[in-house]
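Here is a short note for a colleague who is new to this entry. Please read it with the model open.

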Amino acid sequence: MNPEPLKKSMREVLVETLHRRMLNNDRLFLLSDDLGTPALDKIRKDFSDKFINVGIAEQNMVNVAAGLALEGYVVYTYAIAPFLMRAYEQIRLNLCVSSQIRPVNVNLIGVGAGVSYDVAGVTHHCLEDVSIMKVLPNMMVFSPSDWKLVELFVDYSIEKKSPKYFRLDGKPVPSIYENINDVDFSKGFYELVSPTAGGGKVCLVTTGYPTHRALQVAKKLPGVGVVDVFMLKPLNEKLLFEALKKYDSVITIEEAFLNAGGLDNLILKILRANRSTIELNSLGFNDKYVFDSGGRDYLHALNGLDEGSIIKTVQKLLESSK
Amino acid sequence: MDNFHQKDQDLTKLLEEKARWVRKETFKIYKISPGIRLASSLSDVEILVALYYGGVLKFDPQNPYWEGRDRFIASKGHGSISLYPILADLGFFDLKELARISHEGSFLADIPDTRIPGYETINGSLGHGPGVACGIAIGLQKKKSDARVFVLTGDGELNEGSVWEAVMFAGHHKLNNLILIVDNNKTSMLSRSKDIIDLEPLEKKFSDFGWKVVRIDGHNAMNVYETLKNLKEDTSGYPKVLIADTIKGKGVSQLESDAMSHSRVLKVEEIIDAERQLQ
């Protein structure tokens, strides 16, 4: 692995890639609720007729997107992730319900996954989005851990005619994926660190930013595997179980509320469905909003998501399996 | 009498006859499935008749998604059951389907959805139509289509904030291919609209946001037709709104006089009386 992988902002990469696609595809629209990023200025300038700042009006942004999609356009909407929640019924009815009868390709870009907007505080934290988006039939939930996945997903999202939610980190993140062409979006996950021959003890199953922490832990504790679940819905549960059954235990790590229908519940369901005896531990946020001020590392430490806490959890499992 | 006036008289007669027929059919549907919103579906009859029989809308019953069609969104979806007989009569689906409303296997429910040929969107949860219509209007403009988007809302529906997000948006973007029709029956679910949120003077609300406003009696089918036709042909750079003053439950006196007609269940003797009134 490259010792110093390039750090990039997911949203910047996404919008840059969209700009490139817009050069050859006149079916693309980008809507924003008055949120910007430098690459977006380029779209505003070069494709002023395909960019609409709807104003600070998320409900209307989603509805306008739905209307454009019904006319056959591929639409991206751009907003701070938790602010999309106020358009939840618009998302439900005009994207998810509607797309079961007529094709609706609307891509909801939510910026600020988990506590990536750490010091902005509780209004900008986003710990419920995966749960509430995942519960909607016909909705795809994309939760990338690096910008290379985001770049690759753009072409897929143009082709795949369904509503999608993009859970993007608010901060620049280093790249993780080296063999990006091996990624299969219909599979939904990738084994970043595979077990040693004969099976591993512990697998860290992560989504989004915690994948970076998992990789750090795996570097320090050889034998620990890492599976990155970048598509929380839909994904190939059968293949995921095949990947997990090589381990004695699994730890899910997510920047989301625990036991609220997120990654933890997804893995639990897969293990139960396979009558697996693999032990499951889940790290995430307990059922309380985060009012603490401080950076992301600090908030993670308070909630048991920092490297030290993960290592302790892994070691406990390693001890008990001796 | 010259030809022109004769034609007008013929059309007036046709629209009035169709309106009478639609009310009767809507009432039949109500008897089969009393959960439909009858009163709300009686106030917009002349509006729907003008749109579909007057020749305001371009459509192809054999090809409901024909690209050249005008888009019609019944944003007050639950209050558009009177559109069912119209769509069937025009050949979007078989008239026999009307008797099967809300039966097992039927695509006609108490609240419409896009399984029904002729319905563009799913509504009846309120306040969605105007925003979706804005997106369609922009999409049509980008395709250089001369099709128009018509949206029908109720006046109670105007309490939804999302309506005004769309009204502001359409005014700013001067969506001249968008025509909103407010079925202003002045009655919401629990009371008269003015006792909930009084929006009068309603014209001013729209004109302040850059809309062209026309207000007429929504039960004069010929007038509704002529107004909608003019609004459709008006390509000045504004979205247009027709405020159609109507009566909720029009045609059935027990409903007309009841501020809570929306959810009123008619008694057997009231049903007999209503049928007589609708003859």
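1. Ground rules. This is a predicted model, in which local features need pLDDT of at least 70, side-chain atom pairs count only at pLDDT 80 or more, and totals for chains, interfaces and linings use all residues. Residues are numbered from 1 along each chain as its sequence is written, chains are lettered from A and ligands numbered from 1 in the order in which they are written, and side-chain values use heavy atoms, with hydrogens and water left out.

2. The seven-stranded sheet. In chain A, seven strands make an open sheet with the order 3-2-4-5-7-6-12. The pairing is mixed. Strands (E, at least two residues) and helices (H or I, at least four) are DSSP runs, numbered from the N terminus. Two strands pair if DSSP finds at least two bridges between them. At the edges are strand 3 (51–53) and strand 12 (231–233) of chain A, each pairing on one side only. From one strand to the next, the twist averages 20°. Axes are lines fitted to C-alpha atoms, for helices over the stretch in contact, and angles run from 0 to 180 degrees between N-to-C directions.

3. Inside that sheet. Strand 4 (residues 74–80) and strand 5 (residues 106–111) of chain A are parallel and share six bridges. Y78(A) sits opposite I109(A) of strand 5 of chain A. Helix 3 (residues 58–70) of chain A packs on the sheet. Helix 3 of chain A touches strand 2 (28–32), strand 3, strand 4 and strand 5 of chain A, and its direction makes about 170° with that of strand 4. Contact means heavy atoms within 4.5 Å.

4. The five-stranded sheet. Chain A also has an open sheet of five strands, in the order 9-11-10-13-14, with mixed pairing. Strand 9 (189–193) and strand 14 (279–285) of chain A are its edges. Neighbouring strands are turned by 20° on average, direction ignored. Strand 9 and strand 11 (residues 225–229) of chain A run antiparallel, joined by four bridges. Y190(A) faces D228(A) in strand 11 of chain A. Helix 11 (residues 307–320) of chain A lies across strand 10 (200–206), strand 13 (247–257) and strand 14 of chain A, at about 150° to strand 10.

5. A helix pair in chain A. How do helix 8 and helix 9 of chain A lie to each other? The axes of helix 8 (residues 237–244) and helix 9 (residues 263–273) of chain A come within 10 Å and cross at roughly 80°. These two helices of chain A are therefore roughly perpendicular (65 to 115 degrees; under 35 is roughly parallel, over 145 roughly antiparallel, the rest oblique). The contact residues include L240(A) and F241(A) of helix 8 and I267(A) and I270(A) of helix 9 of chain A. By class, this contact has seven nonpolar, no polar and two charged residues. Ala, Val, Leu, Ile, Met, Phe, Trp, Tyr, Cys and Pro count as nonpolar, Asp, Glu, Lys and Arg as charged, and the others, Gly among them, as polar.

6. A helix pair in chain B. Helix 1 (residues 3–32) and helix 8 (residues 221–233) of chain B pack at about 115°, with axes 9 Å apart. They are therefore roughly perpendicular too. Among the contact residues are L11(B) and L15(B) of helix 1 and M222(B) and Y225(B) of helix 8 of chain B. Five nonpolar, one polar and two charged residues make up this contact.

7. E25(B) belongs to helix 1 of chain B. Is E25(B) buried or exposed? E25(B) is buried, at a relative accessible area of 12% (buried is under 20%, exposed over 50%, partly exposed in between, with a 1.4 Å probe and protein chains only). Leaving aside neighbours within four places in sequence, E25(B) is in contact with P85(B) and L98(B).
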